[in-house]
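Hi,

Here is the structure I promised to send over.

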Amino acid sequence: MIAPLAQVDPEVPRTLIELGGAVLALSVVARVAYRIGFSPVPFYLFAGLVFGTGGLLPLSLGEEFIAVGAEIGVVLLLFLLGIEYSGEELTGGLRQSWRAGLVDIVLNFTPGLLVGLALGWDPIAAILLGGVTFNTSSGIMARLLEELDRLGNRETPAVLVISVFEDLTNTFYLPIVGVLLLGVGWATGLLSVGLALGVVLLALLAGTRYTGQLSSLIASRSSEVVLLTTIGLVLTIAGIAEQLQISAAIAAFLLGIALSGPVAEQTRRLLGPLRDLFAALFFLFFGLQTDPAAIPSVLPLAVGLAVLTTVTKVATGWYSARAFGARRRGRLRAGTALIPRGEFSIVIAGLGVTAGVESMLGPLAAAYVLILAVVAPLLMRFSNEIHDRVTSWRSGG
């Protein structure tokens with residue numbers, strides 16, 4: 001029997017209105033972003049800054065609503081990032097790209113790490129900032145490569161190899177960071193790191209040797225069954241991980257790797273729209289939780305990091321593309337394709353913000369991602385012209 005209207009919890013309609021308003025606002029933001037040819041990710045962040053506490057038009061969104069929506073968003077985002085590659089693809093990518101990958105780590109993780117240490121941050125916060133500067137946004141990169149019709153170019157495999165290596169690196173980086181954020185002692189920390197790495201290796205082993213058995217857990221002719229099974233499994237594993245003081249996002253990422261297999265494409269297709277919805281809410285909520293008044297103080301640092309890591313990503317792409325036989329123009333295109341930062345950088349910063357390790361980390365990451373998400377598409381579009389101008393200038397023309 002339906003309860004009388006007077007007995008309805010007044011928080012329920014408020015939550016529905018909040019959710020509906022937020023999603024409608026995001027739809028407008030996404031329309032604007034796609035119309036002008038940009039990824040909507042930085043626009044979601046900017047919307048969060050505008051409508052959050054201290055913004056131009058602050059909204060009184062419920063804290064519980066924000067926390068739950070953001071958590072579901074990051075869990076689904078990382079689960080589907082993990083499911084993009086099977087265990088074989090990740091280990092094969094490591095064999096193919098380890099040299100370029102090491103260059104990527106040295107040139108792009110190190111700047112964030114050293115800047116964090118130079119600022120006097122806690123070493124854990126500096127490690128997180130290194131992750132923010134290291135990770136190329138595969139979503140923004142792939143979309144721009146498709147828009148610019150460069151998927152068939154000689155240099156594109158070099159870009160994809162770097163992307164695969166970064167994903168493989170994150171399978172080890174994220175669990176280690178999750179342990180460090182617990183703030184345990186050295187002995188307990190080393191044991192926990194060892195256990196985390198063991199879980200990673202088990203996930204890769206499962207994704208390599210037991211794909212059929214794992215896929216059979218969710219495989220079905222009914223899309224409804226697959227959808228319900230997958231979401232139930234992901235949320236349950238994420239919840240258990242949180243109970244064990246392990247990041248739910250990291251657990252979802254490893255689960256995605258382990259479950260990759262014949263059913264992966266069906267799962268990706270079914271969960272893609274949900275991932276987009278909750279990931280958009282996650283970026284919005286990250287912006288809502290970031291005080292825009294803190295950004296001006298970190299903006300010079302964000303600009304400096306953006307300039308430095310633009311140069312280092314171009315150098316990384318140049319090195320990787322040369323191994324694939326690309327000419328100078330193609331090497332520059334590969335480098336500019338690696339510049340955008342986005343979803344993974346914000347996820348990593350979000351882990352630090354949730355743990356409260358450094359108050360500057362959230363505003364700095366938001367400003368950094370916003371700058372590169374805008375600059376990178378422009379550099380990619382005009383990379384050929386930039387190459388020709390530089391070549392002409394060097395030849396005295």
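Let's start with Gly112, which is found in helix H4 (residues 87–118); helices here are DSSP runs of H or I with at least four residues, strands are runs of E with at least two, and both are numbered from the N terminus. Gly112 has a relative accessibility of 0%, so it counts as buried (buried is under 20% relative accessible area, exposed over 50%, partly exposed in between, with a 1.4 Å probe and protein chains only). Leaving aside neighbours within four places in sequence, Gly112 is in contact with Ala126, Leu129, Gly130, Thr133 and Leu305, contact meaning heavy atoms within 4.5 Å. Leu308 is 196 residues away from Gly112 along the chain, yet their C-alpha atoms are separated by 10.0 Å.

Before you read on, some background. This is a predicted model, where local features need pLDDT of at least 70 and side-chain atom pairs count only at pLDDT 80 or more, while totals for chains, interfaces and linings use all residues. Residues are numbered from 1 along each chain as its sequence is written, and side-chain values use heavy atoms, with hydrogens and water left out.

Helix H4 also holds Phe109, which pairs with Tyr173 in helix H7 (residues 156–180), so parts 64 residues apart in sequence are tied together. A search of the whole structure finds one aromatic pair (Phe, Tyr and Trp rings, the six-membered one for Trp, with centres within 6.5 Å; planes under 30 degrees apart are stacked, over 60 edge-to-face, the rest tilted). The ring centres of Phe109 and Tyr173 are 6.1 Å apart and the planes are at 80°, so the pair is edge-to-face. Phe109 is buried at 18% relative accessibility, and Tyr173 is buried at 13%.

Next, Lys313, placed in helix H13 (residues 295–323). Is Lys313 buried or exposed? Its relative accessible area is 0%, so Lys313 is buried. The Lys313 side chain makes a polar contact with the side chain of Asp104 at 3.0 Å (a pair of N or O atoms within 3.5 Å; within protein, one must be able to donate a hydrogen and the other to accept it, and residues adjacent in sequence count only if both atoms are side-chain atoms). Not counting residues up to four places away in sequence, Lys313 touches several others, including Thr133, Glu166 and Arg341.

Last, helix H16 (361–381): 16 of its 21 residues are buried, so H16 is largely enclosed by the rest of the structure. Leu379, Met380 and Arg381 in H16 meet Ser383, Glu385 and Ile386 in H17.

Cheers
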